[in-house]
Amino acid sequence: MGAGISAESGIRTFRAEDGLWEDHRVEDVATPEAFRRDPDLVQRFYDDRRKAVLAAQPNPAHTALARLDAQWPREAGGDLLIVTQNIDDLHERAGAARVLHMHGEALSAWCTACDARHHWHGTLADGPACPACGEPALRPDIVWFGEMPYGMDAIYDALREADLFVSIGTSGAVYPAAGFVQQANALGLATLELNLERSQGSHWFGESRLGPASELVPQWVEEMLLARRDG
Ligand code: BJW
């Protein structure tokens, strides 16, 4: 999952002409070096993102995936994992439970002094104390360039056990997520891309469907649940 699935909820994507990074150079906000150089700029960038996440609502694509999560049986090999690069909580608010945020979460703050993580709705630019250790050492709980994404073992385990890999609304520009389709191919999985336009790695997919996620995802979920019922 990528930024495209939340675009119709009003959360800006990264690389579009009107994208988030048209306002900021990526190396000024999404690297550990940027945070060391100008913590106030980076904290304010993520304070604004947090506000945008809190104001957004799930769209029909999130709702459809939550329906799939609820109705796709966990027993008899019917497993499912929603791996998202997005830092919003719209899958969870739509009702999905099997969600893995590989690039961290906007509504989480990570204490660099004591390593505690806290659910966080407020601001960080004003240097609040960590509720666990009292140090003013909280940073956004976000995976920046050069940092290790979360849950890689669980993701590779899920790929090894899967029959189908579906990529939704991501440009295929950022690794390791951009490489999952090649891993899926090497493992012999069926692969499907749902995106507004072809992604950078589109040629790796067995099938590409182009259009808005709010239309493509509900259609695909309906197909999956029907095929499951009829099969
Ligand atoms: C719609 C739609 C609609 C629009 N409906 N669709 C050289 C070569 C290869 C790799 C590297 C390299 N140099 C460095 C690297 C590694 C680096 C990397 O990939 N760099 C690239 C720039 C080349 N990666 C890392 O550093 C990662 N860590 C790492 O690799 O650790 C080592 C490791 C090794 C081996 C295994 C495991 C680990 C960390 C990456 C962290 C990325 N973090 C960010 C910012 C933080 C989150 C945040 O602030 O929100 O995450 S970057 C940014 O890009 C964000 C996103 O999650 C990520 C992906 O963006 P996404 O989702 O694809 O958004 P867009 O805007 O690019 O695309 C939107 C798409 O939606 C488009 O396709 C539209 O068409 C579509 N769309 N509207 C359907 N309505």
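Where does Pro 176 lie? Pro 176 sits in the loop between β6 and α9, and a cis peptide bond with omega of about 10° joins Tyr 175 to Pro 176. Helices (H or I, at least four residues) and strands (E, at least two) are DSSP runs, numbered from the N terminus.

Before going further, a word on the model. It is predicted, so local features need pLDDT of at least 70 and side-chain atom pairs count only at pLDDT 80 or more, while totals for chains, interfaces and linings use all residues. Residues are numbered from 1 along each chain as its sequence is written, and side-chain values use heavy atoms, with hydrogens and water left out.

## Around β6 and β7

β6 pairs with strand β7 (residues 190-195) in the parallel sense, over 5 bridges; two strands pair if DSSP finds at least two bridges between them. Across from Ser 167 you will find Glu 193 in β7. To get from β6 to β7, the chain passes through helix α9 (residues 180-186), and this β-α-β crossover is right-handed. That label applies if, with the strands pointing away from the viewer, the path from the first strand over the helix to the second runs clockwise.

## Aromatic rings

How many aromatic pairs does the structure hold? There are 7 aromatic pairs. Rings of Phe, Tyr and Trp (its six-membered ring) pair if their centres lie within 6.5 Å; planes under 30 degrees apart count as stacked, over 60 as edge-to-face and the rest as tilted. Two of these pairs are set out below.

| Pair | Centre to centre | Angle between planes | Class |
|---|---|---|---|
| Phe 45 and Tyr 46 | 5.0 Å | 90° | edge-to-face |
| Phe 165 and Phe 205 | 6.2 Å | 20° | stacked |

Phe 165 belongs to strand β6 and Phe 205 to the loop between β7 and β8 (207-210), so their pair ties together parts that are 40 residues apart in sequence. Both Phe 165 and Phe 205 are buried, and Phe 45 and Tyr 46 are buried too. One aromatic cluster is formed by Phe 35, Phe 45, Tyr 46 and Trp 144.

A charge also meets a ring: Arg 228 lies over the face of Trp 72, at 4.6 Å from the ring centre. A charge counts as over a ring if NZ of Lys or CZ of Arg is within 6 Å of the ring centre and within 35 degrees of the ring normal.

## Residues worth a look

Ala 106, in strand β3 (residues 104-111), is buried with a relative accessible area of 6%. Not counting residues up to four places away in sequence, Ala 106 touches Arg 50, Val 53, Ile 87, Trp 120 and Ile 142, where contact means heavy atoms within 4.5 Å. Ala 106 and Pro 140 are 34 residues apart in sequence but 6.9 Å apart in space, C-alpha to C-alpha.

Thr 84 is part of strand β1 (residues 82-84) and is buried, with a relative accessible area of 0%. Beyond its neighbours within four places in sequence, Thr 84 has contacts including Met 1, His 91 and Val 99.

Asp 115 is found in the loop between β3 and β4 (117-119) and is partly exposed, with a relative accessible area of 49%. Its phi is near 75°, a positive value in a residue other than glycine.

Notes: Buried means under 20% relative accessible area, exposed over 50%, partly exposed in between (1.4 Å probe, protein chains only).
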